[in-house]
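Student: Could we go through this structure together, starting with the overall picture and then moving to individual side chains?

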Amino acid sequence: MAPYGILIWAVITAVLASILILASHVHNARRNRTTSVAFFHPYTNDGGGGERVLWCAVKAIQEESPDLDCIVYTGDHDASPDSLLARAVDRFGVELLHPPKVVHLYRRKWIEESTYPRFTMIGQSFGSVYLSWEALCKFTPLYYFDTSGNWLSQCKIVYYTFFSWMYGFVGSCAHLAMVNSSWTQSHIEKLWGIPDRIKRVYPPCDTSGLQVLPLERSTEYPAIISVAQFRPEKAHPLQLEAFSVALRKLDADLPRPRLQFVGSCRNKSDEERLQSLKDKSIELKVDGNVEFYKNLLYRDLVKLLGGAVVGIHSMIDEHFGISVVEYMAAGAIPIAHNSAGPKMDIVLEEDGQQTGFLAQNAEEYADAIVKIISMPETERLEMAAAARRRAARFSEQRFYQDFKAAIRPILCHAAR
């Protein structure tokens, strides 16, 4: 057998052994488990859409089954029940019924990309099993939710066949799989082969709070807002390049727009990416028209959304795209990447009216920016109103209804 084949089989054997050890521990711990729901979310400070899903899911469980304790597994050592309760409100406007209990994890570094200079996905896969083992050794709940996110779109072609098989093997054991978009659902159904146990539940977006914002906006210096964590896959440099091209294309008599980057930094790498963006804005000579906002409170984000004319998104194959819905609900016309969630679920016509734009490269993004900035006010307001109506499909209330409907059979079955 070729050396590469030996390596692959060694990895398969090791991963399967790790899974069996973990399953054995969980089986032995079942007799001592408490009536609780645990959420595996190693980064409770990431500030992204996944964290909003976490807090809304915790709230949904608290409303649906008040007798169940809610536990959060986190690698943030400064996290406490009260701090997480406050964070849910301050960063996302989600008011939990009571603080969640916290189980601290100390092996989070084993799922971080920086730990593995080579064979990154293999290392992270082992690391995720190891971290899950730590979590379940420390506390074994009656129900276990993994809200930490889906790695499917990040697969490298060299690993895809092997890891899709492993992913499917593990996923097929789930009692319930909730997916956040049509695009994700189609992929998971193929990989896991359990269509009857897969439910599509769109992520929670604060549409009701954002829809009260007036659609009229100041056009003296039109604001283009970008809301995303400062992570590489969010493709912020593309947005800067598109903005630079748009400024050159705009007629001289049109107002000069501002580009506002709003995002969170989880670690040193994110901080370095933010600084790199600032440097790139200087290099492109647009720094006078670009603003950066880091780790904003939710109320401050709402203020910026309420003043934005355009909302920009550029991640390829994003499973859903909460920020795109937030733009639309707030009255900003979205320009989103022409793929996955935004393309298949979000930026679609509403009552026959256009709700935004889809783009793939700097030129297409720039053209869309110019079109919106050049629009007559009545046309812009009509499109913004249609986008707002479209966004109502993805409300927090809709999430609570669909999430509870999905988990109710599982909860009722276990209660018998």
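Predicted model: local features only at pLDDT ≥ 70, side-chain atom pairs only at ≥ 80, totals over all residues.

Student: OK, how many helices and strands does the chain have?
Tutor: The chain has 15 helices and twelve strands, where helices (H or I, at least four residues) and strands (E, at least two) are DSSP runs numbered from the N terminus.

Student: And what share of the residues is buried?
Tutor: Buried residues make up 51% of the 416 residues in the chain; buried means under 20% relative accessible area, exposed over 50%, and partly exposed in between, with a 1.4 Å probe and protein chains only. Taking contacts (heavy atoms within 4.5 Å), residues 24 or more positions apart account for 74% of those with a separation of 6 or more.

Student: Salt bridges next: how many does the structure hold?
Tutor: There are 24 salt bridges in the structure, each one a side-chain nitrogen of Lys or Arg within 4 Å of a carboxyl oxygen of Asp or Glu. One of them joins Lys404 to Glu63, with the closest N and O atoms 2.8 Å apart. That pair links distant parts of the chain, since Lys404 sits in helix 15 (residues 396-415) and Glu63 in helix 2 (residues 49-64), 341 residues apart.

Student: Are Lys404 and Glu63 buried or partly exposed?
Tutor: Lys404 counts as buried because its relative accessible area is 15%, whereas Glu63, at 33%, is partly exposed.

Student: Which residue does Lys249 pair with?
Tutor: Lys249 forms a salt bridge with Asp367, the closest N and O atoms being 2.6 Å apart. This pair also links distant parts of the chain, Lys249 being in helix 8 and Asp367 in helix 13 (residues 362-374), 118 residues apart. Lys249 is partly exposed, with a relative accessible area of 35%, and Asp367 counts as partly exposed at 34%.

Student: What about Glu377 and Arg380, where do they lie?
Tutor: Both Glu377 and Arg380 lie in helix 14 (residues 377-391), three residues apart, about one turn of the helix, and their side chains meet in a salt bridge of 2.9 Å, N to O.

Student: Why would residues at that kind of spacing point the same way?
Tutor: An α-helix has 3.6 residues a turn, so residues three or four places apart point the same way.

Student: Changing topic, which side chain of opposite charge is nearest to Arg217?
Tutor: That is Glu216, 7.0 Å away, and Arg217 is buried yet has no salt bridge; for charge, Lys and Arg count as positive and Asp and Glu as negative, with His and the chain ends not counted. Arg217 lies in the loop between helix 7 (207-210) and strand 7.

Student: What does the side chain of Arg217 reach, then?
Tutor: The side chain of Arg217 reaches the backbone oxygen of Gly306 at 2.8 Å. Leaving out residues up to four places away in sequence, Arg217 touches several others, including Ala308, Gly331, Glu377 and Arg380.

Student: And Arg231, where is that found?
Tutor: Arg231 is found in the loop between strand 7 (223-227) and helix 8 (236-249), and it is buried, with a relative accessible area of 18%. Leaving aside neighbours within four places in sequence, Arg231 is in contact with His236, Arg266, Asp270 and Arg273.

Student: Last one: why is helix 11 described as largely enclosed?
Tutor: Nine of the nine residues of helix 11 (residues 322-330) are buried, so helix 11 is largely enclosed by the rest of the structure. The buried residues include Glu326 and Tyr327, and just after helix 11, Gly331 takes a positive phi of about 105 degrees.

How values were computed
Residues numbered from 1 in each chain as written. Heavy atoms only, no water. Polar contact = N/O pair within 3.5 Å; in protein donor to acceptor, adjacent residues only side chain to side chain.
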